[in-house]
Amino acid sequence: MNNSSLWTLLNPATQVLSVWRGRYFLRQLTRRNIEARFKGSFLGFLWLFILPLLMLGIYTFVFSVIFKAKWGIDTGDSKAAFAVIMFCGMSVYNIFSETVGGSSGLIVGNPNYVKKVVFPLEMLPLAHSMASFIFGLAWFVLLLPGAWLVFGKLHFSMLFLPLTLIPLLFFSCGVSFLVSSLGVYIRDVQHIIGVVLQVLFYLTPVFYPINAVPEKYRWLLKLNPMTHFIEETRNIFLYGRMPSWSTIGLLFAIGLVSFYLGFIWFGKTKKGFADVL
């Protein structure tokens, strides 16, 4: 690859322009992914709310009733407060998990697109990430009345929620680019990703506060980007705290760098997709 081609590949403006030119495909694919999720289902889009409520009920029963877990001084012994705080963490992690978990088979499952020279393959991970993000917003729709009922009020700081969700979308999409590309060359990736996401779930403060972890081990959790996304979302959405601008800056840095590197990786490796498939 000559220097001109390398600069074209690495230039951020080129990557943004590529996505912009494919916006029609992105819009159509995202809508198709959303419609296909519950196509033929009797309850249809109601499953967007039924599934998270079922998961919330199960996790709340296991951790607050059986294990009698407590969140700390912010919630006292209230099981309802425990459920809402946990559900907030689950809502954030779900966006990442749904995006990355379904990425390994994106290219393999759409061989017809690979063989179309004019089709921008980057749109497949992008559309998948957008659809997963939209599905994830339904969890926050449920979280809003839950927070009002449990805490008795809604905070002005909730308006800053996009400051954590937008970089989360970029971060998830960046990882999706990497996973979807690797899934073409290494078919075991789909199994590996399932295990990694499960392990990461327990290494993320979803159903426990980070201060419950012994201090000598907290650095391990802080290396996990999802810890910062979840903690800052709770601060803004539930605790009524104004955003920590240094943390918000960190989240956008993580999201944009991940997206950029993932996009570059995908563009570099997609040339061999047709040969493998």
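Residues are called buried under 20% relative accessible area, exposed over 50% and partly exposed in between, with a 1.4 Å probe and protein chains only. The model described here is predicted, so local features need pLDDT of at least 70 and side-chain atom pairs count only at pLDDT 80 or more, while totals for chains, interfaces and linings use all residues. Numbering runs from 1 along each chain as its sequence is written, and side-chain values use heavy atoms, with hydrogens and water left out.

A nonpolar core is taken as a set of buried Ala, Val, Leu, Ile, Met, Phe, Trp, Tyr and Cys residues joined through side-chain atoms within 4.5 Å. The largest such core holds 48 residues, and the members that touch the most others are Tyr93, Phe96, Leu168 and Met226. Seven helices, α4 (47-66), α5 (79-101), α7 (123-151), α8 (162-185), α9 (189-202), α11 (225-237) and α12 (245-269), each supply at least two residues of this core. The greatest share comes from α5, with 13 residues. Helices here are DSSP runs of H or I with at least four residues, and strands are runs of E with at least two, numbered from the N terminus.

Met226 illustrates how these parts come together. Counting a contact as heavy atoms within 4.5 Å, and leaving aside neighbours within four places in sequence, Met226 is in contact with Val92, Tyr93, Phe96, Leu168, Phe171, Leu200 and Thr204.

Val189, Ile193, Leu197 and Phe201 are buried in α9. Seen down the helix axis, the buried residues of α9 fall within an arc of 105°, so they line one face of the helix; the arc is that of the directions from the helix axis to the C-beta atoms. His191 and Val195 are exposed on the face of α9 turned away from its buried side.

Turning to charged side chains, a salt bridge is defined as a side-chain nitrogen of Lys or Arg within 4 Å of a carboxyl oxygen of Asp or Glu. The whole structure contains 2 salt bridges. In one, Lys270 pairs with Glu122, with the closest N and O atoms 2.6 Å apart. This pair links distant parts of the chain, 148 residues apart: Lys270 sits in the loop between α12 and α13 (273-276), and Glu122 in the loop between α6 (111-114) and α7. Lys270 is partly exposed, with a relative accessible area of 27%, whereas Glu122 is buried, at 5%. Beyond neighbours within four places in sequence, Lys270 is in contact with Leu121 and Glu122. The C-alpha atoms of Lys270 and Ile107 are 9.5 Å apart, although the two residues are 163 residues apart in sequence.

The side chains of Glu231 and Arg234 also form a salt bridge, at 3.5 Å from N to O. Both residues belong to helix α11 and lie 3 residues apart, about one turn of the helix. Glu231 is partly exposed, at 24% relative accessibility, and Arg234 is buried, with a relative accessible area of 1%. Leaving aside neighbours within four places in sequence, Arg234 is in contact with Trp71, Ile85, Met86, Cys88, Gly89, Pro205, Val206 and Tyr239.
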